[in-house]
Amino acid sequence: MALYPLRLVKGHVFMEIGGKFWLVDTGAPSSFGAQESVVLEGKTFPLGESFLGMTVGELEGYVGVECAGLLGADVLAEFNFVFDLPEERAEVSESDLALDGVEVGIDFFMGVPLVDAVVRGRQRRMFFDTGAQISYLQSGEFESFPLTGTFADFYPGYGKFQTEARMVEVSLGGLA
């Protein structure tokens, strides 16, 4: 088991590895970086220079944080993690990790974790995407939730876009 510094910066989760920030993005199937590889828990992972055409320079522009790259599902799936944002640390291990709290089952779709969430009493399968600042739902029923404004976001291969943002209560593992 290894411990790494973990930071929430500008709404994004970053793990510090070798003195450099790496965006932790369970929603991205592939990792990439400004260097040829990254070493995590003693294992070396080769990296591409981009994902769907997005380079580290573009990623930094979108998130507003200088970073070495993005850790996607291809690297993250090799380990078990405990992300403790209040304590600003990540526990990383190839073995099981002890954890107090609520256990939430996870399935995978194309390497991206799926969880069962409850919205308005209805269970929904949702991506668990640590790289996203907000969650996305497509349904007219959410127009009754309070509009909080618009939100600027990005997606590799697509670029920047604006979307309406609404305050919607979501329950995960019985916790709202």
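**Strand β2 and its surroundings**

Mentor: β1 and β2 run antiparallel and are joined by 4 bridges; two strands count as paired if DSSP finds at least two bridges between them. Strands here are DSSP runs of E of at least two residues, helices are runs of H or I of at least four residues, and both are numbered from the N terminus. This is a predicted model, in which local features need pLDDT of at least 70 and side-chain atom pairs count only at pLDDT 80 or more, while totals for chains, interfaces and linings use all residues. Residues are numbered from 1 along each chain as its sequence is written, and side-chain values use heavy atoms, with hydrogens and water left out.

On its other pairing, β2 meets β3 in the antiparallel sense over 4 bridges. Here I17 has K20 in β3 as its bridge partner. β2 and β3 also form a hairpin with 2 residues between them; G18 in that turn has a positive phi of about 60°.

β2 is largely enclosed by the rest of the structure, because 5 of its 6 residues are buried. Buried means under 20% relative accessible area, exposed means over 50%, and partly exposed lies in between (1.4 Å probe, protein chains only).

M15 and I17 also belong to the largest nonpolar core, which has 19 residues. A nonpolar core is a set of buried Ala, Val, Leu, Ile, Met, Phe, Trp, Tyr and Cys residues joined through side-chain atoms within 4.5 Å. M15 and I17 are among the residues with the most contacts inside this core, as are Y4, W22, V38, L40 and L71. The elements that give two or more residues to the core are β1 (2-9), β2 (12-17), β3 (20-24), β5 (37-40), α2 (73-76) and β11 (89-93). A second, separate core of 13 residues includes L23, A28, V56 and L59.

As for the whole, the protein chain has 2 helices and 17 strands. Buried residues make up 36% of its 176 residues. Its C-alpha trace spans about 50 × 35 × 30 Å along the principal axes.
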